[in-house]
Amino acid sequence: MFRKRTLLLAIVVIILALVPLSMTATAQNPDCEGDVTLTYWHHWGGNRVPLMEAVVTAFEDAHPGVCVNNLFLPWDNRLQNLLTAIAASNPPDVTMFGRQDLPFFAATEQIIPLDDYMAADGITADIFIPAEFVGNVYNGQTWMLPNPSGGALNLMFYNTDHFAEAGIEQFPETWDEMLEAAAALTQGDGEFLDRIGFNANALSGAPAFITWLNANGQQWISDDLQTVTINNEAGVQTLEFMQAMTEINYGIEEQNAFWESAGEFDQMAIILDLVSIQSTGSWALFQLESHAEDLNYEVAAIPYGPNGSPDRRGATWGGWGFMVPKNAAHPDEAWKLVKWLTTEVEGTGGCWFLQQQQRPSPIAACDGYMKDGETHHRAEAILGVAALDAVAPISPVQPEANQIINRMADDVLFGDKSIEQALEDTEAEVQALLDAFWEEYG
């Protein structure tokens, strides 16, 4: 029963309330004086810390009397930490939040809608790219605003030197072509890998199965989020493709071991010359520009499956945004910070933050690739790939559904279940979760 899981979550929240939150970095402007101090949580680490500090300082300068306690939190347990703080009536005023987590938090009223604030300040849906705004709406209300883009998650960065050495003249369009290219690019002795052509399990955003299913022309769930739709021909083809790609990499165990060793370095595998094709998001451009000046690479769209089409490739999935939790101490001032982090185009706000990283923006008026007066020379290619994205629906039981779907893929790749049995079992298990949720929350 869903109520039992809800009770278990409540127990976890109580336990977590006894554990102090660990903030790995803090930044508060000592020169700021005001009657209101907002608490702001985010996960913009690494070389983005000074960028976010600049954004917060500019907000304080533009809003006299409002100061911001700017806290960078670790990624681990981010949702549990947030639920703990909300339950204890001590949440942040503003928090960075994943659109993929919105349905549950909105349905259970853990956050506040922003529509009245938007109407008062003239913030309308049409200033956003439509595919970016839709993920912020649930049950007819707007619960958060997006930044950065939730698209361009499945860009195929590929090493053109490797392609030339293998005699591959153009990037694969279809799954069959992708399998052929990966086999030509993979290097090893047949037992241990020296270089992976492509790892079909290492994708950004949605679980790999959902992303590949999307590229095969099929949604994993109905538009009304009521019915799971994976146990079909497209689902079988998707798992067959993932299985075939894993076999090229000497099996799932060697593939995982090799990929995990690559992950021990603080770089992308393609930078370390450990993979020929790496699927990752638009943020990778920032890393490549910083750490791989000598890498010869291009960007392409994810290949499509036998039931798919050339105009439907990557899966737009979630993406970051900012919202105001229930029980926030200063909701009116918190809205001003949300607006600055997402819709500010002229000042050092949401648009500037993306431009310093040269990432696509969800705001139509913001050229996220413009920096120092020039647009990045790869912007056209990346945005062209992103234009082929299709929105992948997100359910209110998504975290649990993701775990079940990922386990299904593992069951197949490790040989624990047949493809047919894995799809049947998974569809039934996720459907039971959905039915229980809708029975309780309507």
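Q: What makes Arg 78 and Asp 101 count as buried or exposed?
A: Both Arg 78 and Asp 101 are buried, where buried means under 20% relative accessible area, exposed over 50% and partly exposed in between, with a 1.4 Å probe and protein chains only. The model is predicted, so local features need pLDDT of at least 70 and side-chain atom pairs count only at pLDDT 80 or more, whereas totals for chains, interfaces and linings use all residues. Residues are numbered from 1 along each chain as its sequence is written, and side-chain values use heavy atoms, with hydrogens and water left out.

Q: Why is the contact of Arg 78 with Asp 101 called a salt bridge?
A: A salt bridge requires a side-chain nitrogen of Lys or Arg within 4 Å of a carboxyl oxygen of Asp or Glu. The closest N and O atoms of Arg 78 and Asp 101 are 2.8 Å apart, so the pair meets the criterion. By this rule the count comes to 7 salt bridges.

Q: What makes the salt bridge of Glu 173 and Arg 313 a tie between separate parts of the sequence?
A: The two side chains meet at 2.8 Å, N to O. Glu 173 lies in the loop between α7 (160-166) and α8, and Arg 313 in the loop between β12 and β13 (315-316), so the pair ties together parts that are 140 residues apart in sequence. Helices (H or I, at least four residues) and strands (E, at least two) are DSSP runs, numbered from the N terminus.

Q: How do you know whether α8 and α10 are parallel or perpendicular?
A: The axes of α8 (residues 175-185) and α10 (residues 233-248) come within 9 Å and cross at roughly 10 degrees. Axes are lines fitted to C-alpha atoms, for helices over the stretch in contact, and angles run from 0 to 180 degrees between N-to-C directions. Angles under 35 degrees count as roughly parallel, over 145 as roughly antiparallel, 65 to 115 as roughly perpendicular and the rest as oblique. The helices α8 and α10 are therefore roughly parallel to each other.

Q: What makes β9 and β12 edge strands?
A: The open sheet has 5 strands in the order β9-β10-β11-β8-β12, with mixed pairing; two strands pair if DSSP finds at least two bridges between them. Each of β9 (187-188) and β12 (297-300) has a single partner strand, so one side of each is left without a neighbour in the sheet.
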